[in-house]
Amino acid sequence: MARRATGGTGGPGRTGGPGGVKGARRPEMRLPALEAYDGGELEPDGDYDGLEFRDEDFVGQDGGGARFMDCALTNCALDETRLHHARVLDSVLTGIRGVGTDLAESTLRDVEVIDARMGGVQLHGAVLERVVIRGGKIDYLNLRKARLRDVVFESCVLVEPDFLDARLERVEFVDCALKGADFTGVTFTDVDLRGAAELEITRGIDRLSGAVISMGQLLDLAPVLAVQMGIRVEG
């Protein structure tokens, strides 16, 4: 069972207070002794508790509505795997890979995702709470209308992530690259973008109220902000 952290990640201005931003609460993972998964295909509405999935090939399988509790998924293939409405709780996902994985309207709570290599992941309408995504690269991540609370993106690369109409509360970007992010219609509350190694916003820069950026990031974003405000810069 994951033990919940009680505070943020620390650092100046990350624990709340006047003019500060509340830090995300991270899960502290303590998995129990796990049993090896006995193979076979995923089942819709399946119940998986205390299992270790290692080097499994779930390509094209249907685990819609399944529940994963106190599980470890390591080096598993999830291309076109259907996990719509799944619940992933108190679990660690390491080295997972896949294109077109469907996690729409799923719930991830007290989860660590480490060194994932994914593309076109569907997380629209999903709920992420106390989640750390560390390392790896995710292309075209779809988080439209998702709700993220206490989520940390750390040392990872996100290429053209789509946050349209999402709600982000106590979300941190730490040493990660955001390339071509779409923040159209996003609601930010205590979102810390200062630690992003690269911050490229293609749409929705007018929605940054409720987020904190660094002075250097402000200067980098100045041309986009000028366009958004209708300012013509010459000379």
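User: So, His-84: buried or exposed?
Analyst: Buried. This is a predicted model, and in it His-84 has 18% relative accessibility. The cut-off for buried is under 20%, so His-84 counts as buried.

User: Where does His-84 lie?
Analyst: In a loop, the one between strand E7 (72-74) and strand E8 (87-94).

User: And which residues is His-84 in contact with, leaving aside neighbours within four places in sequence?
Analyst: Gly-64, Gly-65, Asp-102, Ala-104 and Glu-105. With Glu-105 there's also a polar contact, side chain to side chain, at 3.0 Å.

User: How many Å apart in space are His-84 and Phe-188?
Analyst: 26 Å, C-alpha to C-alpha, and 104 residues apart in sequence.

User: OK, switching to charges. How many salt bridges does the count come to?
Analyst: The count comes to 17 salt bridges. One of them pairs Asp-150 with Arg-25, at 2.9 Å from N to O. That pair links distant parts of the chain, 125 residues apart: Asp-150 is in strand E12 (residues 147-154), while Arg-25 sits in the loop between strand E1 (3-4) and strand E2 (27-28).

User: Asp-150, buried or exposed?
Analyst: Buried, at 0% relative accessibility.

User: Which residue does Glu-169 meet in a salt bridge?
Analyst: Arg-149, with 3.4 Å from N to O. Glu-169 is in strand E14 (residues 167-174) and Arg-149 in strand E12, so the bridge ties together parts 20 residues apart in sequence. Glu-169 is partly exposed at 24% relative accessible area, and Arg-149 is partly exposed at 39%.

User: Which residues do salt bridges with shared partners join into one network?
Analyst: Arg-25, Arg-149, Asp-150, Glu-169 and Arg-170.

User: And what does Arg-54 form a salt bridge with?
Analyst: Glu-52, with the closest N and O atoms 2.8 Å apart. Arg-54 is partly exposed at 43% relative accessibility, and Glu-52 is partly exposed at 25%.

User: Last topic, the largest nonpolar core. Which members touch the most others?
Analyst: Out of 58 residues in that core, Phe-53, Leu-148, Phe-153, Phe-163 and Phe-173 touch the most other members. Strand E10 (residues 107-119) gives the most to the core, with 5 residues.

User: What is Phe-53 in contact with, again leaving aside neighbours within four places in sequence?
Analyst: Quite a list: Tyr-37, Tyr-48, Phe-58, Phe-68, Cys-71, Ala-72, Leu-73, Thr-74 and Cys-76.

Terms used: Residues are numbered from 1 along each chain as its sequence is written. This is a predicted model: local features need pLDDT of at least 70, side-chain atom pairs count only at pLDDT 80 or more; totals for chains, interfaces and linings use all residues. Side-chain values use heavy atoms; hydrogens and water are left out. A nonpolar core is a set of buried Ala, Val, Leu, Ile, Met, Phe, Trp, Tyr and Cys residues joined through side-chain atoms within 4.5 Å. Buried means under 20% relative accessible area, exposed over 50%, partly exposed in between (1.4 Å probe, protein chains only). Helices (H or I, at least four residues) and strands (E, at least two) are DSSP runs, numbered from the N terminus. Contact means heavy atoms within 4.5 Å. A polar contact is a pair of N or O atoms within 3.5 Å; within protein, one must be able to donate a hydrogen and the other to accept it, and residues adjacent in sequence count only if both atoms are side-chain atoms. A salt bridge is a side-chain nitrogen of Lys or Arg within 4 Å of a carboxyl oxygen of Asp or Glu.
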